[in-house]
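Reader: Please take me through the strand pairing and the helix packing of the model shown here.

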Amino acid sequence: MKETRTISLPEDISDITLSQYQRLVKLQDREDLDQEQLTKRVIMLFTGMKYRELTNIVYTDYQMIVSSIFTALKIVDVPFEKTFVLNGVEYGFIQNLDKMTQGEYIDLTNEPMTTENMHEKLAVLCRPVVGMDNYGMYTIETYNGTGRREEVMLQCPMNVVNGLLGFFRNLSVELKNSILKSTAKLEVQRKKQRDTFKNGDGTQH
């Protein structure tokens, strides 16, 4: 009697992890795979099936699996979620970029964000929620480096990641504006100091 195997297929982008998506991108970048080989490896990635098992799949089932996977991957227009739950822990994104610490800023901007390092950027931008008020305003853990959070973020669902991508499109602009505002404040302070000493008000007698 032929053994029946049950496999799980992603129904939408939320069923796909960042780790799976990173591996998918690496597969698509390979030049040594033809279309059939690439498709089989994509199926293996999202179902956990062995390469040899794919030969025995009924053709219509094979096509259904392929269609299901690529339909899920096409769902990219998702809203940005400030908080999300991963492995039973609630995480929240940095709410105020103007108050970003030096450590956060350096780790976030030390290199351009790519698919390959997305989990590292996520580990900077979101941390466990440690408090929340009645209005939905929350506080997150103090930043002390990314630590093991990089590994945890590899399991982040892609609906959260895609929502973050929209946030990232504006992030560099907001960071630049924040730096410009801080620089402008310093320049105003320096000007006041120069004017004070010029007028003699700051001279010690």
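**Hairpin, sheet and helices**

Author: In the hairpin of β3 and β4, where five residues lie between the strands, Gly136 has a positive phi near 85°. This is a predicted model, in which local features need pLDDT of at least 70 and side-chain atom pairs count only at pLDDT 80 or more, while totals for chains, interfaces and linings use all residues. Residues are numbered from 1 along each chain as its sequence is written, and side-chain values use heavy atoms, with hydrogens and water left out.

Reader: Which residue in β4 does Met132 stand opposite?

Author: Strands are DSSP runs of E with at least two residues, and helices are runs of H or I with at least four, numbered from the N terminus; two strands pair if DSSP finds at least two bridges between them. β3 and strand β4 (residues 138-140) pair in the antiparallel sense over three bridges. Within β4, the residue opposite Met132 is Tyr138.

Reader: In what sense, parallel or antiparallel, do β2 and β3 pair?

Author: Gly92 has Arg127 in β3 as its bridge partner. Over three bridges, strand β2 (residues 89-93) and strand β3 (residues 126-132) pair in a sense that is antiparallel.

Reader: How many residues of helix α5 are buried?

Author: Buried means under 20% relative accessible area, exposed over 50% and partly exposed in between, with a 1.4 Å probe and protein chains only. Among the buried residues of α5 are Met118, His119 and Lys121. Helix α5 (residues 118-125) is mostly covered, and of its eight residues the number buried is seven.
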